[in-house]
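Please look through the structure below slowly, with the sequence beside it, before reading on. The paragraphs that follow lead from a single residue to the way the parts of the chain meet.

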Amino acid sequence: MSEKIDKADDPETSDKTRAQYESFPYPARDAKDEDKRLVVGSPGNWDEVVHFVFGGRDPSAKNKKIRILVAGGGTGDGLVMLAQQARDRKVKAEIVYIDLSTASREIAEARIKRRGLEKNVSFVTGSFVDLAGEYGPFDYIDCCGVLHHLPDPDAGLKALADALKPKGGMGLMVYGELGRTGVYHMQEMMERLSAEAGGSKRLALGKALYDALPGTNWLRRNPFVGDHVHGGDAGFYDLLLHQQDRAYRVDEVFDFVEKAGLRLLQFIEPMRYDPTTYCSRHDVLEKAVHVPFRQRAALAELMAGNITKHTFYVTKAGNKVKPPMPDRDAVPFFVRVDGVSLARSVAKTGHIKITFTGLSVTRNLPPASPAILTRIDGKRTVGEIYDLFDPKPEKYEFDAQFAVMFAVLNAANLMYLHPAN
Ligand SMILES: C[S@@+](CC[C@H](N)C(=O)[O-])C[C@H]1O[C@@H](n2cnc3c(N)ncnc32)[C@H](O)[C@@H]1O
């Protein structure tokens, strides 16, 4: 069922934001490319969602219908990924897409049609701030790269929170302030130059200004943002010329979430929000280890300097869901990585190297890791993997090595668990 509803004229919408995305639908996409590749990422990887938001228990299991909202779906990256995953998993999903921009919706619709996924997707043009409640309640809401463009992000997040089912959750992304150093300097320069409010004149001035900037300018010196170089006109505009755009530090993300009656479950990738990723000196981190998650994450953000966006999962504050534990009955599985290749490389080096936005981090893995990794098939429990060892290591030794290995791979978003039944 493909439903088309036009409700673009609500008073909450920001005219400038809508005008921008009518002229420059973001990100620039061509439906024909759906024949060649699927754009994937976070939030919205379903294994990740199930692990963090639903404690490892898929709400769409046993043929149960789930309802998903893609709020500010743009040209459809998150929508297409979620709809494709639902089909691949043969689950009953009803997906609602809402966006202000008709130009963006046309591209998203064309992509969905190209993949033959239109049966379970409804398209709505308008502001989700007004409409989310009307189309809810939802099990899962994706809102990626949108809330920081709202005139009132708090009201936007509250509207989404109110449209969630009690056990539902959301995958969100908002800009990170430190990694975007220089972006807001550019936006301020445009204001000081009294640039046209929108359209091609604004783009032309922005490009001329950017070309003129000296090598000492913070944007020129920032290697962590690249949309203005690689993202075409839509990318340039979205990154540097937006007029309704703010960024968040970790503490602000927590305040934002808590004010909406929500609880932050985890940032993606968790390793980036852990100070021990950047520093192993006990004397330096002595007072930073046994402090709440929020404080550790805020310190890690300052240490890293390269976090351009915060991607994270939330639930209602009262929902006490926890990710599954790596106990004997849990079933481990790989995400985004081939287990055999990983096992081979860990056998050779004893470690794993992970790269996050220009920073490579090396983590040693326990000696039993290659043997454990080769036995993970997404069906065996941790206990069954132990039983395959011959000779058998001490149980406590095996469990400890599995837990350390899992902690590293899970923090890098490479391994999750189906919980014990
Ligand atoms: C940067 S794009 C992100 C698109 C998509 N979520 C993604 O990650 O590729 C932001 C989108 O949010 C939409 N948007 C902004 N405010 C909105 C609102 N109040 N209601 C619905 N859509 C909105 C814009 O029209 C635009 O398409």
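**From one residue to the whole chain**

L69 counts as buried, at 0% relative accessibility, where buried means under 20% relative accessible area, exposed means over 50%, and partly exposed is what lies in between (1.4 Å probe, protein chains only). The model is a predicted one, in which local features need pLDDT of at least 70 and side-chain atom pairs count only at pLDDT 80 or more, while totals for chains, interfaces and linings use all residues. Residues are numbered from 1 along each chain as its sequence is written, and side-chain values use heavy atoms, with hydrogens and water left out.

L69 has its place in strand 2, which covers residues 66-71; helices (H or I, at least four residues) and strands (E, at least two) are DSSP runs, numbered from the N terminus. If neighbours within four places in sequence are left aside, L69 is in contact with V96, I98, A132, F138, Y140, I141, D142 and L160, and contact here means heavy atoms within 4.5 Å. Q187, by comparison, is 118 residues from L69 in sequence and 31 Å from L69 in space, taken from C-alpha to C-alpha.

With D245 the side chain of R180 forms a salt bridge at 3.2 Å, N to O, a salt bridge being a side-chain nitrogen of Lys or Arg within 4 Å of a carboxyl oxygen of Asp or Glu. D245 lies in the loop between helix 11 (232-241) and helix 12 (250-259), whereas R180 lies in the loop between strand 6 and helix 7 (183-192), so the pair ties together parts that are 65 residues apart in sequence. Both D245 and R180 are buried.

How many salt bridges does this rule give? The count comes to 27, and two further pairs can be followed here. The side chains of D139 and K165 meet at 3.1 Å, N to O; because D139 lies in strand 5 (residues 138-144) and K165 in strand 6 (residues 164-175), this pair ties together parts that are 26 residues apart in sequence. D139 counts as buried at 11% relative accessibility, while K165 is partly exposed, with a relative accessible area of 25%. The side chains of D33 and K36 also meet in a salt bridge, at 3.0 Å, N to O. In that pair D33 counts as partly exposed at 23% relative accessibility, and K36 is exposed, with a relative accessible area of 67%. Salt bridges can also be followed through a network, in which R29, E34, R37, D77, R111 and R115 are linked.

At 10% relative accessibility, T277 counts as buried. A polar atom of the T277 side chain lies 2.6 Å from the backbone oxygen of M271. Not counting residues up to four places away in sequence, T277 touches M271, V361 and R363.

It remains to see how the chain is divided, namely into domain 1 (4-175 + 248-316), domain 2 (181-236) and domain 3 (331-418), with bounds that come from an automatic or database domain assignment. The C-alpha centres of domain 1 and domain 3 lie 29 Å apart, and 16 residues of domain 1 are in contact with 18 residues of domain 3. The area buried between these two domains is about 1400 Å², of which carbon and sulfur atoms give 57%; buried area is the accessible area (1.4 Å probe) that two parts lose on being put together, summed over both.

Between domain 1 and domain 3 the count is 1 salt bridge, and the side chains of E48 and R336 meet in a salt bridge at 2.7 Å, N to O. Helix 2 (residues 46-53) gives the most to the side of domain 1 that touches domain 3, with 4 residues. By class, that side of domain 1 has 5 nonpolar, 7 polar and 4 charged residues, where Ala, Val, Leu, Ile, Met, Phe, Trp, Tyr, Cys and Pro count as nonpolar, Asp, Glu, Lys and Arg as charged, and the others, Gly among them, as polar.

Note on methods: A polar contact is a pair of N or O atoms within 3.5 Å; within protein, one must be able to donate a hydrogen and the other to accept it, and residues adjacent in sequence count only if both atoms are side-chain atoms.
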